Each structure stands twice: as structure tokens, then as C-alpha cells.
Amino acid sequence: SRCSPVPVAMLRKLTSRLLRTPRPLLGVRRFSKPGEHPGDEQTFGREAEELALEKLGVDRYDREPASGPYGTLEKPAIIYSTMKERVVGCVGSKEEPHDVAWMNLRAGAKHVCTMCGQVFLLEDAANKHSAKM
């Protein structure tokens with residue numbers, strides 16, 4: 001036994017009625033209000049670490065340019081990162097600036113700027129915050 005085909009006009013009418021019928025969307029995530037955080041119980045990983053450090057007054061991801069004393073072989077300029085590599089731009093010293101020289105720092109090795117000789121060392125960002133926690 002075969003099913004009888006549904007007339008096209010009937011399908012169009014049914015489809016247009018379904019599209020016009022308001023119903024709640026499935027899978028829509030409700031976000032918190034602007035400036036309001038959903039709560040620590042809903043965060044994990046790096047976001048949870050960032051919020052915990054924020055409560056202590058520490059910025060987990062320092063977004064400011066690195067600055068400090070000129071890095072030498074004996075005392076390199078320390079650059080912190082949560083990764084094993086980080087791209088850094090050197091602009092020289094205040095006395096002798098130069099165009100930005102980009103370099104890829106890798107953990108565990110000193111890196112020397114080819115334009116000015118400044119030395120950089122990449123360290124784990126956890127070391128920067130461990131004394132404050």
C-alpha cells in the first residue's frame with residue numbers, strides 16, 4: 001500500500017503557519033546583564049584563574065607594553081607569558097630608540113635583539129603571580 005502524496009498547496013500552508021508561530025528557541029544561551037558576571041561556579045580554566053587573581057588585585061593578562069631596565073646577558077629583561085612562546089617587539093632604549101624589531105621568544109633561552117643588543121628571557125606568568133597569592 002502506498003501513501004497518498006500530500007498536495008503542494010497544503011504543504012505551503014502548513015510551512016507558512018509553522019514559520020509564523022512564535023515558540024522559544026532551543027539552544028539559546030541567556031547571558032548576564034552588562035557588567036554583571038554569571039558567577040564563579042560557572043567559570044573554569046583560565047577564566048576562573050583570571051577572576052581569582054582579579055579579586056586579589058592582580059591582572060592575569062598584563063596588556064601593557066613590557067618596560068623596565070635594559071636587558072643584558074647578566075640580567076635580561078623578563079617577559080612573562082602563559083605559553084611556551086611569545087612574540088615580542090623591541091624598540092630599543094629611551095636613549096637610542098629604533099624601529100620595532102619583532103622576535104619569537106621561547107621559554108628557557110635568552111634572546112638578543114639584532115638591532116640594539118637588548119636581551120630578553122621568557123618566563124612563566126605563574127612565577128610572576130606566585131608571590132602575590
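Student: In which strand is serine 81 found?

Tutor: Serine 81 is found in strand 1. Keep in mind that this is a predicted model.

Student: Why is serine 81 called buried?

Tutor: Its relative accessibility is 10%. Buried means under 20%, so serine 81 counts as buried.

Student: Which residues make up the covered face of strand 1, and which the uncovered one?

Tutor: Ala77, Ile79 and Ser81 form the covered face, while Ile78 and Tyr80 form the uncovered one.

Student: How do you know that strand 1 and strand 5 pair?

Tutor: Strand 1 and strand 5 (residues 119-124) are joined over five bridges, in the parallel sense. At least two bridges are needed, so the two strands count as a pair. Within that pairing, isoleucine 78 stands opposite leucine 121 in strand 5.

Student: What does the protein hold as a whole?

Tutor: Three helices and five strands. Along the sequence the pattern reads α-α-β-β-β-β-β-α. The protein has 133 residues, of which 21% count as buried.

Student: What makes glutamate 85 and arginine 106 a salt bridge?

Tutor: Their side chains meet at 3.3 Å, N to O. The limit is within 4 Å, so the pair qualifies. The structure holds one salt bridge. Glutamate 85 lies in strand 2 and arginine 106 in strand 3, so the pair ties together parts that are 21 residues apart in sequence.

Student: Why are glutamate 85 and arginine 106 called partly exposed?

Tutor: Glutamate 85 has a relative accessible area of 40%, and arginine 106 has 43%. Partly exposed lies between under 20% for buried and over 50% for exposed, so both residues count as partly exposed.

Student: Is serine 93 buried or exposed, and how do you know?

Tutor: Serine 93 has a relative accessible area of 19%. That value is under 20%, so serine 93 is buried. Its place is in the loop between strand 2 and strand 3.

Student: What about glutamate 96: buried or exposed?

Tutor: Glutamate 96 lies in the loop between strand 2 and strand 3. Its relative accessible area is 61%, and exposed means over 50%, so glutamate 96 is exposed. The backbone nitrogen of glutamate 96 lies 3.0 Å from a polar atom of the side chain of serine 93. Glutamate 96 and cysteine 116 are 20 residues apart in sequence and 8.2 Å apart in space, C-alpha to C-alpha.

Student: Which elements have the lowest and the highest mean pLDDT?

Tutor: Helix 3 (residues 125-130) has the lowest, 65, and strand 4 (residues 110-112) the highest, 95. The mean for the protein is 78, and 65% of its residues reach 70 or more. Where pLDDT is low, the predicted coordinates should not be read in detail.

Technical notes
Residues numbered from 1 in each chain as written. Predicted model: local features only at pLDDT ≥ 70, side-chain atom pairs only at ≥ 80, totals over all residues. Heavy atoms only, no water. Helix = DSSP H or I, 4+ residues; strand = E, 2+ residues; numbered from the N terminus. Buried < 20%, exposed > 50% of the residue type's maximum accessible area, 1.4 Å probe, protein only. Polar contact = N/O pair within 3.5 Å; in protein donor to acceptor, adjacent residues only side chain to side chain. pLDDT = per-residue confidence, 0-100.
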